[in-house]
Amino acid sequence: MSEPGTGRPVLYTFVTSPYGAKAHAGLLFKGADFQLRYVNPVGLAQRLPSGRQIPVLSTPDGDLHGSDAILYALDELYPDAPRLLPDDAFLRAQAIAFNDWVSEVLIPSLFASVYLSAARGSGRVIRDGWRLGRAMRATSEGGLPRVAPYLWPWLLRRQGFVRDLARQAAGLGSAAERSAIIARRLDEALAGGPFFFQKAEPGLADVVAYAVLYPSRCLALEGIRRDMAPVAEMVDDWMRRMAERLAGGPPLIPDNLNVCPL
Ligand SMILES: N[C@@H](CCC(=O)N[C@@H](CS)C(=O)NCC(=O)O)C(=O)O
């Protein structure tokens, strides 16, 4: 439900979820007045107002489920704020295609770098898993056991949705091939700047890419940094521009967890 008494929308999410971050960044882009709830992942379905997965945006008119449903509703919910999707049909199709790429290639690759390599016991993957677990423990409502960060790489691997995403990513090629695909796509989309597709102002593509890349940077996740190494400088410059536009409202990563500020 929306926040009782105020009618403010409530976003139910996890601090480490890239899908949740897409919705969160969309609300920040809109300058929305919303409440953020980092719901506890244990017994998740019982803790959500409806549905079985995060993100959920609860509004006085009903609940929206999933990052895309939330993002695509925001222009209608906040008509006076800058638009996420342009009116022009071709530019809109370009932005939606990029959002699909983020959901179907970038995010699954991120999960694959935790899941697939964990199977081989890589130190980097265990460290990334621990960093994600520590952030979840620090934010989840009601708390998580002290050992949760140490178990996180293993717990993540047991989640059906993580396995599915990792399989999806494996279909794209080896880790090195996926890194090359990610760096090339970001390079193509960002070259010439200042925002994606040489736009003077940010839109949906910027918001969803930022939602995935910025938290990974703040939490110092090593997997994604390796993927982005060839375009790191260009991405950092663009992230600084985005951070200015999305300032105000609850940050994607709380300050006390941000170990790698821009
Ligand atoms: N397609 C959905 C995916 C959402 C999703 O995978 N949510 C995960 C967290 S990243 C979740 O709630 N997992 C818990 C579960 O499946 O039990 C979207 O775009 O929002």
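Residues are numbered from 1 along each chain as its sequence is written. What you see is a predicted model, in which local features need pLDDT of at least 70, side-chain atom pairs count only at pLDDT 80 or more, and totals for chains, interfaces and linings use all residues.

I will start with the overall picture. The secondary structure comes to 11 helices and four strands. Helices here are DSSP runs of H or I with at least four residues, strands are runs of E with at least two, and both are numbered from the N terminus. The radius of gyration is 18 Å, close to the 18 Å that the globule rule gives for 262 residues, so the chain is as compact as a globular protein of that length. That radius is taken over C-alpha atoms, and the rule is 2.2 Å times the number of residues to the power 0.38. Along the principal axes, the C-alpha atoms fill a box of roughly 50 × 45 × 30 Å.

Next, contacts. Two residues are in contact if their C-beta atoms, placed from the backbone, lie within 7 Å. Among contacts between residues at least 6 apart in sequence, 70% join residues at least 24 apart.

How do the two domains meet? On the domain 1 side 22 residues are in contact with 24 residues of domain 2. Three elements, α1 (18-29), β2 (35-38) and α3 (67-77), each supply at least two residues of the side of domain 1 that touches domain 2. Of that side, α1 gives the most, with 10 residues. By class, the side divides into 14 nonpolar, five polar and three charged residues. For these classes, Ala, Val, Leu, Ile, Met, Phe, Trp, Tyr, Cys and Pro count as nonpolar, Asp, Glu, Lys and Arg as charged, and the others, Gly among them, as polar.

Now the inside. A residue is buried if 20 or more other C-beta atoms lie within 10 Å of its own, exposed if 12 or fewer, and partly exposed in between, with C-beta atoms placed from the backbone. Buried residues make up 42% of the 262 residues. In soluble globular proteins, nonpolar side chains tend to be buried together. A nonpolar core is a set of buried Ala, Val, Leu, Ile, Met, Phe, Trp, Tyr and Cys residues joined through C-beta atoms within 7 Å.

Which residues have the most contacts inside the largest core? They are Ala25 and Val212, in a core of 70 residues. Helix α9, residues 204-218, provides the largest share of this core, 11 residues. At least three core residues come from each of domain 1 and domain 2. Setting aside residues up to four places away in sequence, Val212 touches Pro18, Ala21, Val102, Leu106, Ile107 and Leu110.

Leu219 counts as buried because it has 20 C-beta neighbours inside 10 Å. Ala220 is partly exposed because 14 other C-beta atoms lie within 10 Å.

Another loop lies between α8 (175-190) and α9, and Pro194 is found there. A cis peptide bond joins Gly193 and Pro194, with omega about 0°. Gln198 is found in the loop between α8 and α9 as well; its phi is positive, about 55°, although it is not a glycine. Is Gln198 buried or exposed? With 11 C-beta neighbours inside 10 Å, Gln198 counts as exposed.

Last, the ligand. Its surroundings are Ser17, Tyr19, Leu44, Gln53, Ile54, Pro55, Gly66, Ser67, Asp68, Ser103 and Phe161, where near means a C-beta atom, placed from the backbone, within 6 Å. This shell has five nonpolar, five polar and one charged residues. Two of the names need a remark: the peptide bond from Ile54 to Pro55 is cis, with omega near 0°. Pro55 lies in the loop between α2 (44-47) and β3 (56-59).

Technical notes. Domain bounds come from an automatic or database domain assignment.
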